[in-house]
Amino acid sequence: MEEYKRTVLYVEDNELNMALMHHIFKKNLPSLLLLKAETAEMGLDIAVRRLPDLIILDIGLPGLNGYEALEWLKAREDTRHIPVVAISAFALRTDIERARETGFAAYITKPFQVSAFTDTVKALLAWKP
């Protein structure tokens with residue numbers, strides 16, 4: 001069994017996006033363990049149990065959306081230090097500004113360039129609270 005040094009939680013309700021992210025991590029970030037959740041509620045449960053080093057959170061989730069999930073994470077002592085990346089098809093400047101003002105560490109628009117995405121992940125994992 002492989003030994004991973006860092007973990008990343010990806011919360012996404014779209015199966016194709018989930019498969020793409022799995023492929024990106026396997027090919028470009030193989031030393032990272034990718035945890036996956038299909039809903040914000042599942043993601044929050046995993047975040048509390050596993051305390052990942054980074055969370056990538058889709059904004060347009062059913063049920064709790066990405067903003068509500070971030071608010072929940074930031075309200076907890078044990079998860080507020082985890083950097084959270086917003087990922088969304090919403091690409092207007094107002095969407096990006098809202099995400100940054102809300103407390104997301106970065107905002108990635110779909111579709112994204114793999115190299116820019118992996119650079120963002122690497123940079124945030126080097127970040128220390």
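My entries follow, starting with confidence and ending with salt bridges.

**Ground rules**

I am working from a predicted model, so local features need a pLDDT of at least 70 and side-chain atom pairs count only at pLDDT 80 or more, while totals for chains, interfaces and linings use all residues. Residues are numbered from 1 along each chain as its sequence is written, and side-chain values use heavy atoms, with hydrogens and water left out.

**Confidence**

I looked up pLDDT, the predictor's confidence in each residue from 0 to 100. The chain averages 92, and 95% of the residues score at least 70. Helix α2 (residues 40-50) has the highest mean, at 98, and helix α4 (residues 93-102) the lowest, at 87. I took helices (H or I, at least four residues) and strands (E, at least two) as DSSP runs, numbered from the N terminus.

**Helix α3**

Which residues of helix α3 are buried? I used under 20% relative accessible area for buried, over 50% for exposed and partly exposed in between, with a 1.4 Å probe and protein chains only. For residues 66-75, my list reads G66, Y67, A69, L70 and L73. They sit on the same side of α3 because they cover an arc of only 160 degrees around the axis, the arc being that of the directions from the helix axis to the C-beta atoms. On the face turned away from this buried side I found exposed E71 and A75.

Next I asked what the buried residues of α3 pack against. My answer is α2, β3 (54-58), β4 (84-88) and α4, with contact meaning heavy atoms within 4.5 Å. At the start of α3, I noted a side-chain oxygen of N65 within 2.9 Å of the backbone nitrogen of Y67.

**D95**

I then moved to D95 in helix α4. D95 is buried yet has no salt bridge, which would need a side-chain nitrogen of Lys or Arg within 4 Å of a carboxyl oxygen of Asp or Glu. The nearest side chain of opposite charge is R98, 6.3 Å away; Lys and Arg count as positive and Asp and Glu as negative, with His and the chain ends not counted. Leaving out residues up to four places away in sequence, D95 touches Y67, F90 and Y107.

**I56**

I56 lies in strand β3. I read its relative accessible area as 0%, so I56 is buried. Not counting residues up to four places away in sequence, its contacts include V8, Y10, F25, V85 and F117. I also checked I56 against R80, 24 residues along the chain, and their C-alpha atoms are separated by 14 Å.

**Salt bridges**

How many salt bridges does the structure hold? I have six.

- D45 and R49 meet at 3.0 Å, N to O. They are four residues apart in helix α2, which means a separation of about one helical turn. D45 is partly exposed at 42%, and R49 is exposed at 55%.
- D58 and K110 meet at 3.3 Å, N to O. D58 lies in strand β3 and K110 in the loop between β5 (106-109) and α5 (114-126), so the pair ties together parts that are 52 residues apart in sequence. D58 counts as buried, at 5% relative accessibility. E12 joins D58 and K110 in a network of salt bridges.
- D78 and R76 have their closest N and O atoms 2.8 Å apart. Both are partly exposed, D78 at 27% and R76 at 29%.

Technical notes
A polar contact is a pair of N or O atoms within 3.5 Å; within protein, one must be able to donate a hydrogen and the other to accept it, and residues adjacent in sequence count only if both atoms are side-chain atoms.
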